[in-house]
Amino acid sequence: MPRNVVAPRPLPDRRQFLLAGAWLAQSPPFAVGQMLVATPALRDPDFARSVILLFALTGEAAMGLMLNRPLPRRPGEPQMYAGGPVAQGVRSLLPEAADPSAERLCPGVWIVNGQTKSPKGRIYLGYTGWTTAQLRQEWLRGLWRILPGDAAAVFDPAPERLWHRLQGR
């Protein structure tokens, strides 16, 4: 081969392509505003048959609100929901950006810290939380399905039946 001609690089072998493809296939496409729907394989009583809307995601942690766990309603008080097993904070989901601090999660859904006064909003006590690695492992084990965020699901008039309705999607 002449001196000033660069030898062609060898193509990656089939094994390298398969490994790269497997890695890409296992990379969870988590994003704020997506819904996690528990699969029937998830038997943890805190999360079984849950539908969760992700509202925060970093390289280290993921946080969400359980959409289908209404709490018993007290007379004269708005309906509240169990946001998850981490009993910290109050957050509200709104179908419109009525509050200047509202952040859009997905089409038709905004979040604010604290209790909304809007009759259209939903109030969540607590949240769900994972390390990103933990959630990724649960996803790889087939415990969660990922669906796009959907205002109709978030504000479903019968949230206790939401998990069943989403099984066919």
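Which residues does Ser-50 touch, not counting residues up to four places away in sequence? The legends below begin with this residue.

View 1. Ser-50 touches Leu-36, Val-37, Ala-38, Met-66, Asn-68, Arg-69, Trp-144 and Trp-163, leaving aside residues up to four places away in sequence; contact means heavy atoms within 4.5 Å. Ser-50 belongs to the loop between strand S1 (35-38) and S2, strands being DSSP runs of E of at least two residues, numbered from the N terminus. With 0% relative accessibility, Ser-50 is buried (under 20% relative accessible area; exposed is over 50%, partly exposed in between; 1.4 Å probe, protein chains only). A polar atom of the Ser-50 side chain lies 2.6 Å from the backbone oxygen of Phe-47.

**View 2. The largest nonpolar core and Leu-67.** This core has 37 residues, and those with the most contacts inside it are Leu-36, Leu-67, Leu-93, Trp-130 and Trp-144. S2 supplies its largest share, five residues. A nonpolar core is a set of buried Ala, Val, Leu, Ile, Met, Phe, Trp, Tyr and Cys residues joined through side-chain atoms within 4.5 Å. Beyond four places in sequence, Leu-67 touches residues including Met-35, Val-51, Leu-53, Leu-93 and Leu-162.

**View 3. Leu-57 in strand S2.** Leu-57 is found in S2 (residues 51-57) and is partly exposed, at 29% relative accessible area. Not counting residues up to four places away in sequence, Leu-57 touches Phe-30, Ala-31, Val-32 and Ala-62. Its C-alpha atom is separated by 9.7 Å from that of Trp-130, 73 residues apart along the chain.

**Notes.** Residues are numbered from 1 along each chain as its sequence is written, and side-chain values use heavy atoms, with hydrogens and water left out. In this predicted model, local features need pLDDT of at least 70 and side-chain atom pairs count only at pLDDT 80 or more, whereas totals for chains, interfaces and linings use all residues.

Notes
Helices (H or I, at least four residues) and strands (E, at least two) are DSSP runs, numbered from the N terminus. A polar contact is a pair of N or O atoms within 3.5 Å; within protein, one must be able to donate a hydrogen and the other to accept it, and residues adjacent in sequence count only if both atoms are side-chain atoms.
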